[in-house]
Amino acid sequence: MLYSVWLIFQDWNLLREPAFVGLENVKRVFTDPKANLSLYNSFFYTIIAVPIQLCISFSLAMALTQKMRFRDVYRAGFYMPIIVPLVATAVVWQRVLHPEVGILNEALSWIGIPAQKWLFDPALAKPAFILMSFWQIGRQMVIFIAGLGNIPDSLKEAASLDGAGSFGRLRHVIIPLMTPLIFFNMTIAIINSFQTFTTAMIMTEGGPEDATLFAVLNIYRNGFEYFRMGYASALAWEFFIIIVVFTLFQFWGSKRWVYYEEGA
């Protein structure tokens, strides 16, 4: 990391000796349209995908803590995509989103929706990646299941005696006690979403028309395709600072809505 700080002030293509260029790389970070576009793509993807991921994973956890047949099978099934390598996931979803033979378009045709060019249409590429992100909510789901299992039944029974129905118990007992885990899952999910790289590299290479050029992919391209290691280091540190500030802001905001039991 310290070496990358030094590289910010150098022009280095990995072959010749680094040459000092002062603040040129830093200036370029703020004036490069692709750098700004890649940050926008990452923000858009994160802000839309993460809240929906949390809602789906929390709903699944609520459902899979109820008594039902084959409950463990369902839990394992929803968690299993997490252990699949991202490269394999990307290849599978390329087929799912294929405009001509994709399973998704086939399913949409059953309800009268015409085939879409998911990964070839700039307006649909990011929504396609957001849809794909729901494939890997198993980790969040498992954490929520663990938290729900630790909520004392006595609290839910006391709420019921006070006249609270299912929604009342969810609102006044379950969600407040789950806020630490919601906060944890949200923070990790935001960081992971900002760092999206492998799927974009394999599935679209940043296209179409840079619609999926996420920040990490842009850093990689500048460093290892265009051989601008100094500029890539400047981009990396800008991205690092953004994530740190965003995370600190979340911790500051959590004081207003995250509930910790006394002694926790």
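Helices here are DSSP runs of H or I with at least four residues, numbered from the N terminus. The model shown is predicted.

**View 1. The whole protein chain.** The protein chain holds 13 helices and 2 strands. Its C-alpha atoms fill a box of roughly 75 × 50 × 25 Å along the principal axes. The chain has 264 residues, and 40% of them count as buried. Among contacts with a separation of 6 or more, 67% join residues 24 or more positions apart.

**View 2. Val50 in helix α3.** Helix α3 spans residues 33-63, and Val50 sits in it. Is Val50 buried or exposed? Val50 has a relative accessible area of 4%, so it is buried. Leaving out residues up to four places away in sequence, Val50 touches Tyr45, Met186, Ala189, Ile190 and Ser193.

**View 3. Helices α12 and α13 packed together.** Helix α12 covers residues 215-225, and helix α13 covers residues 229-254. They pack at an angle of about 160°, with their axes 7 Å apart. Angles over 145 degrees count as roughly antiparallel, and α12 and α13 are therefore roughly antiparallel to each other. Their crossing is left-handed. On the α12 side, the contact is made by Ala215, Val216, Asn218, Ile219, Asn222, Gly223 and Phe224. On the α13 side, Met229, Tyr231, Ala232, Leu235, Ala236 and Phe239 take part. By class, this contact has 10 nonpolar and 3 polar residues. No charged residues belong to it.

**View 4. Asn222 in helix α12.** Asn222 lies in helix α12 and is one of the residues that contact α13. How is Asn222 placed, buried or exposed? Its relative accessible area is 2%, so Asn222 is buried. Setting aside residues up to four places away in sequence, Asn222 touches Phe227, Arg228, Met229, Tyr231, Ala232 and Leu235. Met229, Tyr231, Ala232 and Leu235 are also among the α13 residues in the contact between the two helices.

**View 5. Thr247 in helix α13.** Thr247 is found in helix α13. Thr247 is buried, with a relative accessible area of 15%. Which residues does Thr247 contact, leaving aside neighbours within four places in sequence? They are Thr187 and Ile191.

**View 6. The loop between α11 and α12.** Helix α11 covers residues 198-203, and Pro208 lies in the loop between α11 and α12. The peptide bond from Gly207 to Pro208 is cis, with omega near -5°. Asp210 lies in that loop between α11 and α12 too. Asp210 is not a glycine, yet its phi is positive, at about 65°. Most residues other than glycine have a negative phi, and most peptide bonds are trans.

**View 7. Leu14 between the strands.** Strand β1 is 10-11 and strand β2 is 19-20, with Leu14 in the loop between them. Leu14 has a positive phi of about 75°, although it is not a glycine. What is the relative accessible area of Leu14? The value is 34%, so Leu14 is partly exposed.

Methods: Residues numbered from 1 in each chain as written. Predicted model: local features only at pLDDT ≥ 70, side-chain atom pairs only at ≥ 80, totals over all residues. Heavy atoms only, no water. Axes fitted to C-alpha atoms, helices over the stretch in contact; angles between N-to-C directions. Parallel < 35°, antiparallel > 145°, perpendicular 65-115°, else oblique. Left-handed = near helix turned anticlockwise from the far one by under 90°. Contact = heavy atoms within 4.5 Å. Nonpolar A, V, L, I, M, F, W, Y, C, P; charged D, E, K, R; others polar. Buried < 20%, exposed > 50% of the residue type's maximum accessible area, 1.4 Å probe, protein only.
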